[in-house]
Structures are given as structure tokens and as C-alpha cells.
Amino acid sequence: MPSLKDLRNRISSVKSTKKITSAMKMVAAAKLKRAQDNAEKTRPYAKKMGEIVDSLVKNTKNQNFKFGEKKENKKNILLIICSADRGLCGGFNSSIIKFSKKLSKENAENGYNLNYIFVGKKAYFSLKKNCKDSIIDYFSDIANPSIKFELASLIRDKILELFLKNSIDECHLIYTKFNSAISQTVQSMQLLPLKNIQEDNIEKKSQSYDFEPDEEVILNEIIPRNIAIQIHTALLENLASEQGSRMTAMDNATRNANDMIDNLTLFYNRSRQALITKELIEIISGAEAV
Amino acid sequence: MSFNLEIISPQQIVLNQDVDLVIFPGVEGDFGILKNHMPFLTYLRLGLLYIYKDKKLIQSFIINGGIVEISDNKCSLLTEDITDSKDFKIKDKEDRIERLKSKLVSKFYYA
């Protein structure tokens, strides 16, 4: 049985842990608010861009533009894996890593070569042993102080260069979609090649634009921008998910620490009482014996 | 004789107001947009963007590329790199070049 002093030490150490976790929870909540705001600010741009690309691609007559499906068999796949730079955010990083591993395995079984670009330290450090030679690039400290659009453009330039050189045939982005502060889902999004557009709502607002210089040039100009904004929104969602995940994890930790303190205090008081009772019995029985 | 102009960047909605005339640095030369323009889609080069209302220049921007869409008397400009010409400082751009350069170095360091 632990002595009273041991118990006291234990309680105080749990208390200080609780202080840390509740502070981290507060910080994460503030950061989550900011990340959500940022994600919302990007939305009008992404929405408008999506509309323009949609109406363009729907009305276009030439089906074989350079970002479309390739005719040859696909062989090389690029995965862009977005994770966090820091830990202590619940299952956030591990679910990304698990998802990436699963996806890599499936693709490897189908005989595809895999290449990787990592964003964020955590996934990089845990996966770099598995995919030593196939890492194309690695970015970290992206959210310091805030996610810049430059980063998305940088990644976009990289993948477009590889795609047009035929070094990769397909590109997927793995990130965590932010549903709410307590629910996030890891998912992959195909950036390249552009999927063939469904022809269901083709009548909807089919404007005939006047183009300058011409349709194909504009398509080739606009699609890279659309890819960059997709990457940017994914990174912002990922950051918001990280903070949300950290907030819930720290909330749980604080609650667990509270439970632990309650239990330990109860145990401490009981053993203190038992000790006093024991001493009293000793004194009384000693006095009786005299 | 005004129409709605909306300038959107990934960071924010830069401008959303009714204007009379906008002059864009188009990729094939500068062009002005007035009310009742036909549906039009083009992209921009690096240059200056002038916004007029009531026959006065109300605002100008320095802009590095972008996409302009015009339909139904609504003009939308999507751009990643836009600065109000009042806030433009050469030093900021030089700093940014330095920052990008140092990023290139650190990237090689990690790889």
C-alpha cells in the first residue's frame, strides 16, 4: 500500500497534468476558431472557381485537353499526405497514417508504383522508413503563423510538372475533412487527372462565353488554379480538423484527470482515516493494558 | 450605369461594389468593362487594375494574374496575388523574394 506522502505526490502530479491539458484545450479552441474562419474565407473563391470550371468543362468540345485522362495504362501514383506537425491530438495523425498505409498497400497490390509528398512532420517521420526512395518532397511548419496560398501553389507546380512529364499518371491528396469539432473523416481526393464530368445537369445555365485568347488556353490557365485552390482548402480543413481533434482529446484528458484526482483523493482520505483509527486503537489498547 | 464588381482572393473578398468602369490588364492587352457587357472569360497578366465610378478613379490595384468572368452584369475577378496600389511597397516584395529563396534552400536541406 502506498504511503500518504506517495499519494500526495501522485495527486499533485495529476493536478499539474490536468492544468497542462486544460490549457492546451483552451489554446486549441482558440486556434480552431481561427482555422475555421480562415477556411470560411477561402470558400467564396473556391466556389466561384468551381462554378467557372464546371461551366467551362461542360461546354467544351475538345475532350482531350492535357489534364484529362491518359490513354495508356496508369502506372505511377502520387500520394500527397497531409498530417499535423505536432502530436497530442487524439487519433488525428494515426488515422491519417493508417489510411495512407491502407491506400498504399491496395495500390501496391495492383502493381502501381507509389510516390509521396508529405506535408506535416508526423506522417513523414512515421512513414519515411517504409517509402525511403519514393519521397519526392516534404514540407513542414506550414501553419506557422498561418497557411499561405504560396504553399499550395508550390505543391501544384510540382505535381503539374511531374504529371506533364509523364512521371506520374494519377495524383491523390489525403487529408482530413472537417465535419465538426468532434467529427473528422480522413479521405482522399483525386487531383489529377480530371475526372470525366457527369452529364446529368448539362442544361443548367449553359452560357456561351466569349473567350480571349481562346477556350483551350483559358482551360489550361484555369485548371492549375483550381488545383491550387483545392490543395489550399484541403490544407485549411486539415488544420481545422487537427485543432478540433486536439480540443476533444484534451477535453477528454482533462476529464480523465479529474476522475483520477477524485479517486486518488478518496483513497488518500480513507487511508488517512484508517491510519488515525489504527493509532487510536493502539493508544487505547495500550492504555487499557496499563 | 453601374454593374457589380467582385474581387475575390483565397484570403478574403477584396471588393464587392457597384462600379461604372473597370480596366483590366488582360493577357492580350488592357481592356475596359462597362455595363451590359456580353458573357466573357479571360485571364490577366501582371499589371494595374483601375476602378472608376462617377467618372472618378476610386481605386487601383496591382495584380499578378487572375481570371475574369463576366455574365449578367456581374463581373467576378479571381486572383491569388493582389495589392491595393496605396499599400504597395517594393520592400514587401523583396522580402517575399528572400523568403521564397530561403524556403528553397531549406527544402533541399530536408530532402
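What we are looking at is a predicted model, in which local features need pLDDT of at least 70, side-chain atom pairs count only at pLDDT 80 or more, and totals for chains, interfaces and linings use all residues. Residues are numbered from 1 along each chain as its sequence is written, chains are lettered from A and ligands numbered from 1 in the order in which they are written, and side-chain values use heavy atoms, with hydrogens and water left out.

When I say helix or strand, I mean DSSP runs numbered from the N terminus, helices being H or I of at least four residues and strands being E of at least two.

A cis peptide bond also joins Leu192(A) and Pro193(A), with omega about -10°, and Pro193(A) lies in the loop of chain A that runs between strand 5 (184–192) and strand 6 (210–212).

Now to the backbone angle phi. Most residues other than glycine have a negative phi, and most peptide bonds are trans. Leu88(A), although not a glycine, has a positive phi of about 55°, and this leucine is found between strand 1 (76–82) and helix 2 (92–109) of chain A, in the loop. Leu88(A) counts as exposed because its relative accessibility is 57%, where exposed means over 50% relative accessible area, buried under 20% and partly exposed in between, with a 1.4 Å probe and protein chains only.

In chain B, Asp54(B) has a positive phi of about 50° without being a glycine; the loop that holds Asp54(B) is the one between strand 5 (40–53) and strand 6 (56–71) of that chain, and at 55% relative accessibility Asp54(B) counts as exposed.
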